[in-house]
Amino acid sequence: MRVLIVEDEVRLAELIGRTLNRELIETAISHDGREGLEAALRGTYDVIILDRMLPFLDGIHVIKELRKFQVQTPVLMLTALSDMPERVEGLSAGADDYLGKPFAFEELIARTRALARRVDRPMAPEAIEIGVVVIDLRTHTVTRNGTPIDLSPREFDLLETLVRHRGQVLSREQLLRRVWGTSSEPTGNVVDLYIHYLRKKLDPEAINDPPLIRTVRGLGYSIV
């Protein structure tokens, strides 16, 4: 299980991380809302533990952005605010559960595991074959007809994002947020440029064949 912890109290975030690690739960930590949103958009997590009050973007804003971009990872919201309207606001925004501060770590673990069990989704395969191209999501390697293809980290991140949403059309804005992050300055043009790079490396001989990465005019890009 992988859990993203978004908590601005550094000592508390580290304590939560160590507690979950002892339960053999892998964790990643972000200390503000903007960084946490970028991590959630770019990574794959079973549960997100999200503080309500955060610098830059508060927890409500983070959840709304995640749901806007179709990230359905269960969210456990932590809050020092105990009023019912605050809890209702978080749940209405898309949070799956609420835990008030201070809390018992036993309850945090139990709620985290319960949220992870709610999502009955098949495990993503380690390697995905698309024609003669094989993308190994575990080792971050790509081959074409058995020959390795040298991709930059950004090129692989872009390809992985498309592969994980195979059959869906992702807009330039969605790709920018997922691959470059919300605090970056690149425009949609950089997406087009990196798509061009990928096509040259993945389809060097497919001049007359349908490209691996398909352009959907006016919408974005897709891998079928």
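The legends below describe several close-up views of one predicted protein model.

**Figure 1**
Residues are numbered from 1 along each chain as its sequence is written, and side-chain values use heavy atoms, with hydrogens and water left out. The protein chain holds 8 helices and 11 strands; helices (H or I, at least four residues) and strands (E, at least two) are DSSP runs, numbered from the N terminus. Of its 224 residues, 46% count as buried, where buried means under 20% relative accessible area, exposed means over 50%, and partly exposed lies in between (1.4 Å probe, protein chains only). The chain exposes about 12,000 Å², with carbon and sulfur atoms supplying 50% of that area; accessible areas come from the Shrake-Rupley method with a 1.4 Å probe, and for residues only the protein chains shown count as cover. Among contacts with a separation of 6 or more, 57% join residues 24 or more positions apart, a contact being heavy atoms within 4.5 Å.

**Figure 1. The loop between strand 3 and helix 3.**
Both P55 and F56 lie in the loop that runs from strand 3 (47-51) to helix 3. P55 counts as partly exposed, at 32% relative accessibility, whereas F56 counts as exposed, at 59%. Leaving aside neighbours within four places in sequence, P55 is in contact with D8, H31, D32, G33 and R34. The C-alpha atoms of P55 and E35 are separated by 9.7 Å, although these residues are 20 apart along the chain. In the backbone of F56, phi is near 70 degrees, which is a positive value in a residue other than glycine.

**Figure 2. Helix 3 and its two ends.**
Helix 3 (residues 59-68) is largely enclosed by the rest of the structure, because 7 of its 10 residues are buried. The buried residues are G59, I60, V62, I63, E65, L66 and R67. At the start of the helix, a side-chain oxygen of D58 reaches to within 3.2 Å of the backbone nitrogen of I60; such a polar contact is a pair of N or O atoms within 3.5 Å, and within protein one must be able to donate a hydrogen and the other to accept it, while residues adjacent in sequence count only if both atoms are side-chain atoms. Just after the helix, Q70 takes a positive phi of about 65 degrees.

**Figure 3. The packing of helix 1 against helix 5.**
Two packed helices are described by the angle between their axes and the distance between the axes. Helix 1 (residues 10-22) and helix 5 (residues 105-118) pack at an angle of about 65 degrees, with their axes 11 Å apart. Here axes are lines fitted to C-alpha atoms, for helices over the stretch in contact, and angles run from 0 to 180 degrees between N-to-C directions. The contact is made by L12, L15, I16, T19 and L20 of helix 1 together with F105, L108 and I109 of helix 5. In the loop between strand 5 (97-100) and helix 5 lies P102, and the peptide bond from K101 to P102 is cis, with omega near -5 degrees.

**Figure 4. The packing of helix 6 against helix 7.**
Helix 6 (residues 153-164) and helix 7 (residues 172-180) pack at an angle of about 125 degrees, with their axes 10 Å apart. The two helices are therefore oblique to each other, since angles under 35 degrees count as roughly parallel, over 145 as roughly antiparallel, 65 to 115 as roughly perpendicular and the rest as oblique. From helix 6, the residues R154, D157, L158, T161 and L162 meet L175, R178, V179 and W180 of helix 7. Helix 7 is mostly covered, with 7 of its 9 residues buried, and among these are Q174, L176 and R177.

D136 sits in strand 7 (residues 133-136) and is buried, with a relative accessible area of 16%. A polar atom of its side chain lies 3.1 Å from the backbone nitrogen of T139. Not counting residues up to four places away in sequence, D136 touches E126, A127, T141 and F156. H140 is found in the loop between strand 7 and strand 8 (141-144), where H140 is partly exposed at 45% relative accessible area. The phi of H140 is near 60 degrees, a positive value in a residue other than glycine.

How values were computed
Predicted model: local features only at pLDDT ≥ 70, side-chain atom pairs only at ≥ 80, totals over all residues.
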